[in-house]
Amino acid sequence: DAKTTQPTSMDCAEGRAANLPCNHSTISGNEYVYWYRQIHSQGPQYIIHGLKNNETNEMASLIITEDRKSSTLILPHATLRDTAVYYCIVRPGFLSNDYKLSFGAGTTVTVRA
Amino acid sequence: SQTIHQWPATLVQPVGSPLSLECTVEGTSNPNLYWYRQAAGRGLQLLFYSVGIGQISSEVPQNLSASRPQDRQFILSSKKLLLSDSGFYLCAWGTGRGQETQYFGPGTRLLVL
C-alpha cells in the first residue's frame, strides 16, 4: 500500500532549481515526511525530513503544504551530481515501534548540462 | 562524525554456498541497526533490525539470518544461498532515540549463480 505518489521521472537544467513533488494524501498527524536519494550503485543518502513546518539544510529545502497532503523537495541549484532516484517516504513518529522505511519507486531525476 | 562500513563491496557466490556480510558503525553507541535488500529495479525491503546486542527482529521469512555480536557490528548470514538471494544488500544505522533518521552504508552487491 503506497503511502506516497511521485512522478516517475523528471529532467532539470544544471544550475536551475529542481522542484520534486510528492503526494501523501493519507498522511496521519504523527507521520513525518522523509526524503532520500540514491545515486546509481550507491546506498541511499538522507536529504531532509519534516513534520509540518518547512525545513532547510545544506542540501535542500522541504516545503510541506498546510494540510500536509503534499510536499515539495527543492534542490536550489542542481548539478550533474544530483542525478539520482529521489524517494519521498512517510514514516511514523518516534513513539511508534515501526522502524521500517518503505521505499517506493521514487522519481528518477536527470540533471542536464 | 559517524561512519558506516560494509564489506565486501561485491560478491559472486554459487547456489548452495554460505554467506556472511558484515556491517560496522563508528562514532556512535547503541545504535539501531538495519539490513535492507534491493532487488534489481525494485524498492528497498527491510530484512532485519536490531535495537541492541543479541536482539534481532525479522521482517520477512526468508533464507537469511542476522546477528549482532557487538554493539556496532551487524552480520547477515545464510547457510545455503538461493538464486533469489541475489541483490543489493544495504546496512543502515539510526540513533534509536527521538525522531530517528536512518543512514545507509555503501552496500554489498551479491550475485548468486
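**Cores and salt bridges of a predicted model**

The largest nonpolar core has 22 residues, of which Leu20(A), Trp35(A), Ile47(A), Leu73(A), Tyr86(A) and Val109(A) touch the most other members. A nonpolar core is a set of buried Ala, Val, Leu, Ile, Met, Phe, Trp, Tyr and Cys residues joined through side-chain atoms within 4.5 Å. Buried means under 20% relative accessible area, exposed over 50%, and partly exposed in between, with a 1.4 Å probe and protein chains only. At least two residues of this core come from each of β1, β2 (18-23), β3, β4 (45-50), β6 (61-64), β7, β8 and β9 (107-112) of chain A. Of these, β8(A) gives the most, with four residues. Helices (H or I, at least four residues) and strands (E, at least two) are DSSP runs, numbered from the N terminus.

This is a predicted model, in which local features need pLDDT of at least 70 and side-chain atom pairs count only at pLDDT 80 or more, while totals for chains, interfaces and linings use all residues. Residues are numbered from 1 along each chain as its sequence is written, chains are lettered from A and ligands numbered from 1 in the order in which they are written, and side-chain values use heavy atoms, with hydrogens and water left out.

Leaving aside residues up to four places away in sequence, Leu73(A) touches Ala18(A), Asn19(A), Leu20(A), Trp35(A), Ile47(A), Ile48(A), Ala60(A), Ser61(A) and Tyr86(A), where contact means heavy atoms within 4.5 Å. In soluble globular proteins, nonpolar side chains tend to be buried together.

Charged side chains form the next topic. Glu31(A) is buried, at 7% relative accessible area, whereas Lys3(A) is partly exposed, at 38%.

Asp82(A) and Arg37(A) also meet in a salt bridge, at 2.7 Å from N to O. Here Asp82(A), in the loop between β7 (70-75) and β8 (84-92), is linked to Arg37(A) in strand β3, 45 residues apart. Asp82(A) is buried at 13% relative accessibility, and Arg37(A) is buried at 10%.

In chain B, Arg68(B) and Asp71(B) form a salt bridge at 3.3 Å, N to O, and both residues are buried.

Notes: Salt bridge = Lys/Arg side-chain N within 4 Å of Asp/Glu carboxyl O.
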